[in-house]
Structure formats: structure tokens, C-alpha cells
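Hi,

Here is the structure I promised to pass on. Could you take a look when you have a moment?

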Amino acid sequence: MGDRGEGRGAAGRSVRRYVCRAGLLAAALLLVFTLAPPAALAFSLPGRRPSAAAPATPAMGRSSQQEVAPPLAVQQLQEALETRRPRVEIVSPADGALLPAGPWTLKLRVEDWPLVDAGPLGLGPHLVVQLDGDDPLPLTATSTTMRPLEPGSHRLTVYAARPWGEAVKDPGAQRQIRLHRVAANTLGQPAPGSPQLIAVSPRGTAAGTPLLLDWLLLEAPLQNLRSGDASWRLRVSINGDSFLVDRQTPLWLEGWRTGSNAVQLDLLDGLGEPLNPPFNSLVGEVILEPGAEPPRWQKGRLTASELAILLGEAPPPAAPEPEAEPEPEQAAESEGTLEPEATAMPEPAPPQEPQPEPLPPLAMAGEAGGPDSDPGLPGQAEVPAPQGSPMADGIPAADRAADGSVETGPEDSPDSQDLAALDGGVTP
């Protein structure tokens with residue numbers, strides 16, 4: 001009996017010890033759950049920025065971005081393109097090709113996806129070519145000339161894109177190949193089959209908000225099919241503020257600042273460690289210029305004709321022709337002032353020096369008319385003077401007497417002879 005009592009006492013003490021330890025552990029857990037912030041207990045909300053109930057962890061900071069609904073025009077185009085299932089193929093060059101120096105031609109094939117250049121409305125559905133870390137190259141054709149490659153290995157990614165630049169995530173809507181120049185450098189690229197992160201949007205210059213945050217994740221395993229199957233996370237840092245997402249769902253964000261905005265994307269594993277570094281840590285810049293002209297999909301609801309043009313169901317509007325500059329005369333008339341026409345004045349003729357007219361020679365003494373007759377006048381025989389005229393018979397009326405006889409005047413004075421000689425006459 002004594003041994004049995006001692007055994008029961010020892011068992012009771014063991015039970016009490018276990019109960020105390022369990023109580024202490026429960027109290028510790030309760031204290032942790034009470035004092036720890038919610039962000040330390042939840043890694044992220046699926047596919048969205050942490051809410052007010054679950055803010056970002058202090059180590060990552062607090063995001064100032066706010067998720068909003070897509071613009072109305074984007075919603076219209078999303079609905080119109082919802083049934084499309086694009087398939088993209090890279091015809092040439094082949095995967096693993098060794099390309100020569102100089103530019104080269106890229107040829108593509110696309111199915112169930114219109115390629116639309118809507119002119120003044122912008123791009124409709126299109127393709128995007130991404131060579132290494134270069135800026136995305138939008139295409140509305142299936143062939144283009146690419147820049148020369150540097151020696152080594154390169155990644156070429158092609159994907160179908162919606163009019164506002166979002167990458168289509170459906171299977172077959174993107175393709176990637178490896179290209180080499182001079183020689184392959186496999187260590188300079190991520191291993192084939194490993195997860196790869198490609199930044200899609202935003203980048204470059206933007207005129208208004210909200211802005212699309214989008215990325216393309218290749219060779220990443222599916223997750224969120226059941227609880228606890230997460231194998232990757234994307235950490236988004238904008239101007240130093242960070243948040244996490246775990247779905248390939250694009251986000252429309254407000255809260256951007258005017259001018260330069262830094263955007264960093266880091267692919268992490270399920271434990272929050274970098275996944276396949278350094279290839280999956282990307283930094284970009286977007287510059288917000290509110291005074292610039294925003295794209296059409298940011299300006300409100302589309303009309304039926306605009307929607308048809310952006311989907312390739314109607315031809316794009318013709319670009320307005322530049323107005324011809326009016327001619328000077330038309331411009332003067334439109335202004336209401338007419339300038340007097342300049343008339344050419346004839347140049348004055350050079351003055352001619354007067355030439356002295358030669359005096360006719362005086363008649364000789366024996367000729368008709370006598371010495372006093374005017375040699376410049378016609379003779380009596382040629383032009384008979386009319387009766388009663390002062391010059392009848394070639395004799396002035398003052399020198400004719402009343403009876404018709406001619407009075408003989410006094411003899412010429414020497415002065416008169418001198419005058420006659422000056423006139424070219426002959427002295428008697």
C-alpha cells in the first residue's frame with residue numbers, strides 16, 4: 001500500500017508539472033499574439049497590398065500607394081478582349097542560335113490576337129519584344145529589325161500585350177529564346193527552367209494616374225491552389241515604400257508623386273529570401289508629368305467608333321493634313337490691309353545736248369528775191385503769195401510804195417554787214 005501511494009504521488013506531481021509547463025507555454029503564446037503586430041503573423045494578403053488591418057512589416061516600411069479600379073476605357077477593352085486566347089511563336093531566329101555581327105531580323109507568328117495601330121488613338125492589341133534589359137519594343141507587325149548583339153548570351157522574350165501595355169498571362173501568350181553572339185555564356189543568364197521576373201509596367205513617362213503595375217513571371221510554379229502552397233512572393237518597392245503580392249494580378253495604383261518615381265521588383269521565395277538572384281531584382285523609373293497629353297484609355301469612356309478602331313474592326317482615322325501657309329497676297333487680304341502695288345517708273349532719258357540747226361545759205365545777188373530776200377522761204381516762182389498779203393511779190397508791205405513801186409532803202413551799214421557775215425551770209 002505504501003508503494004502504491006508513493007507511485008500515485010509521483011504521478012500527480014508529474015501531471016502538475018506538465019500542466020504548469022503547458023500553462024506557461026499557453027501564456028507565452030497568448031502574450032506573443034497579443035503584443036506582436038498583425039504583419040508579423042501574416043506574410044501578405046493574397047494578390048493585394050496589405051490592408052489597414054494587416055500593415056506591412058516595419059522592416060519593409062509602409063506603402064503610400066492605393067489600389068483603385070481600372071479606368072473606364074480599360075474596362076471596356078478588357079471586356080471586348082476577354083474571349084481572345086493569343087498564341088505567340090518566334091519563327092526565327094531559332095532558340096540557341098549563334099548570330100553574326102550586325103543587325104538581324106526577328107520574325108514572329110501570332111494567332112487570335114489582332115495587331116492594331118489606331119493612329120491618333122494609340123496602340124490597340126499588340127506584341128512586345130524584350131531583349132535583355134532593354135526598353136520594351138511594341139510591335140504591330142510580325143517582322144522587325146533588331147539591334148546588333150554584344151558578344152555573349154542574351155534572352156529574347158516576346159509576349160502579347162493589351163492596348164494599355166498589360167502582358168497577357170494566358171499559356172502560349174509569351175515565348176522566350178536564348179541567343180548567342182561569338183560564344184555562349186551560360187553563367188550570364190538564369191538557368192533554363194528557373195523562375196524569371198520581367199518588368200512590364202510602369203516605365204518611361206506618364207501623363208496621369210492611376211498607373212498600371214504589371215510584371216511577367218516565367219517558369220514560376222503555380223500556387224494558391226491550396227492553403228500553404230506558396231513558393232514565391234513579389235516585393236514591390238515604390239519610392240522606398242514596400243508591399244508584397246503573391247499572384248500575377250496587375251494592380252492600378254494611385255499615390256505617385258510628380259517627377260521621378262523609383263520602382264523596384266524583387267522575387268522572393270516562400271521564406272522571404274531572394275529567389276534566383278541577381279536576375280530577379282529589377283529597378284525601373286517612371287516620370288510623372290501631369291502637363292503632358294495622356295493616352296486615350298486614360299481619358300474616360302470610349303465611344304463605339306473608338307472602341308471599334310482600337311480593336312481593329314474599323315480603319316483608323318486619317319491624320320489631319322497640315323494647313324498650307326497662305327500666300328502673301330492672301331494673308332494681306334485676310335488681315336484687311338492691302339499694300340499698294342509698286343509700279344515701275346521709267347528711267348529718265350539722258351538729256352540730249354541741243355544741236356544747232358544749220359542756217360540755210362543766203363541767196364546770191366543774181367538770184368531771184370534779191371539780197372534782202374529770206375533764203376529759208378520758198379521763192380516767188382514756187383509759192384505765189386496771195387493778193388493783198390503782206391509778202392506779195394516777195395517784198396514786204398512796208399517797203400512797197402503806195403503806187404506799188406519798191407522804195408530803195410538806204411545803203412547797208414557796216415554793222416549790218418558784220419551781222420550778215422556772222423550769219424554765214426555773203427557780203428555784197
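This is a predicted model: local features need pLDDT of at least 70, side-chain atom pairs count only at pLDDT 80 or more; totals for chains, interfaces and linings use all residues.

Numbering starts from 1 along each chain as its sequence is written, and side-chain values use heavy atoms, with hydrogens and water left out.

Let me begin with helix H3 (residues 72-80), whose buried residues are Ala73, Val74, Gln76 and Leu77. They lie on the same side of H3, because they cover an arc of only 160° around the axis. That arc is taken from the directions from the helix axis to the C-beta atoms. Strand E15 (251-254) and helix H4 (304-310) are included in what covers these buried residues. Helices (H or I, at least four residues) and strands (E, at least two) are DSSP runs, numbered from the N terminus. Buried means under 20% relative accessible area (1.4 Å probe, protein chains only).

Next is Gln130, in strand E5 (residues 126-131). Gln130 has a relative accessible area of 4%, so it is buried. A polar atom of its side chain lies 2.3 Å from the backbone oxygen of Asp134. Beyond four places in sequence, Gln130 touches residues including Arg155, Thr157 and Ile198; contact here means heavy atoms within 4.5 Å.

Finally, Asp229 sits in the loop between strand E12 (211-218) and strand E13 (232-238). Asp229 counts as buried because its relative accessibility is 16%. Leaving aside neighbours within four places in sequence, Asp229 contacts Gln223 and Asn224.

Best wishes

Conventions:
Buried means under 20% relative accessible area, exposed over 50%, partly exposed in between (1.4 Å probe, protein chains only). A polar contact is a pair of N or O atoms within 3.5 Å; within protein, one must be able to donate a hydrogen and the other to accept it, and residues adjacent in sequence count only if both atoms are side-chain atoms.
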